[in-house]
Amino acid sequence: MVLSAIYILDMKGKVLISRNYRGDIENNVIDKFIGLVMDREEDGSLTPLIQTEECTFAFIRRNNLYVVATTRKNSNIAMVFTLLHKICMVMECYFKDVEEESIRDNFVIIYELLDELVDFGYPQTTDEKILQEYITQESHKLELTP
């Protein structure tokens, strides 16, 4: 499984957090996402997987947010959805509620988590307890650095 990027968007399609892991797609490809979702909702053909010429969007909706993964490769889509749900679960361990306000208030930690969860598009450590220990250690290192 290879991801190109992960995005967290509000319901209007505004990007709150984005992390491009591979650089094989343009960052502005996400601008087309919300339009595609709206078109498919109107048609009654919305699925959590949308394919375009540029990439494939896999997404979940959680508390009025879209968590979107993009890929250009033939990825294991079940693993992509598992990772998206795991990302939400990890954030819930840190912030209790995954919503727009908690994303905005904790964007630094979210970027650190995304860097630990995924490396060059491949899932890495997804255990909440291990991640909490690691992020806590890294935070202490930053506090001690002059």
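**Note on the predicted model**

1. Asn63 lies in the loop between S4 and strand S5 (65–71). Helices and strands here are DSSP runs numbered from the N terminus: H or I of at least four residues for helices, E of at least two for strands. This is a predicted model, in which local features need pLDDT of at least 70, side-chain atom pairs count only at pLDDT 80 or more, and totals for chains, interfaces and linings use all residues. Residues are numbered from 1 along each chain as its sequence is written, and side-chain values use heavy atoms, with hydrogens and water left out.

2. Backbone at Asn63. Its phi is near 50°, a positive value in a residue other than glycine. Asn63 is partly exposed, at 43% relative accessible area. The classes are buried under 20%, exposed over 50% and partly exposed in between (1.4 Å probe, protein chains only).

3. Backbone at Lys96. Phi is positive at this non-glycine residue too, near 70°. Lys96 sits in the loop between helix H2 (77–95) and helix H3 (100–105). Lys96 is exposed, with a relative accessible area of 68%.

4. Overall layout. The protein chain has 5 helices and 7 strands. From the N terminus, the order is β-β-α-β-β-β-α-α-α-β-β-α. Of the 146 residues, 40% are buried.

5. Aromatic pairs. Rings of Phe, Tyr and Trp (its six-membered ring) pair if their centres lie within 6.5 Å; planes under 30 degrees apart are stacked, over 60 edge-to-face, the rest tilted. The count by this rule is 5 aromatic pairs. Phe33 and Phe59 are edge-to-face, because their ring centres are 5.1 Å apart and their planes stand at 75°. This pair links distant parts of the chain: Phe33 is in helix H1, Phe59 in strand S4 (residues 56–62), 26 residues apart. Both Phe33 and Phe59 are buried.

6. Relative accessibility is 8% for Phe59, so Phe59 counts as buried. Tyr66 is buried at 2%. Ring pairs join Phe33, Phe57, Phe59 and Tyr66 into a cluster.

7. Surface charge. Asp39, Glu41, Glu42 and Asp43 form a negative surface patch. Patch residues have over 30% relative accessible area and no salt bridge, with like charges joined within 9 Å and nonpolar side chains (Val, Leu, Ile, Met, Phe, Trp, Tyr) within 5 Å. A salt bridge puts a side-chain nitrogen of Lys or Arg within 4 Å of a carboxyl oxygen of Asp or Glu. Asp39 lies in helix H1 (residues 33–43). Asp39 is partly exposed, with a relative accessible area of 44%.

How values were computed. Accessible areas come from the Shrake-Rupley method with a 1.4 Å probe; for residues, only the protein chains shown count as cover. Lys and Arg count as positive and Asp and Glu as negative; His and the chain ends are not counted. The place of a charge is taken as NZ of Lys, CZ of Arg, CG of Asp or CD of Glu.
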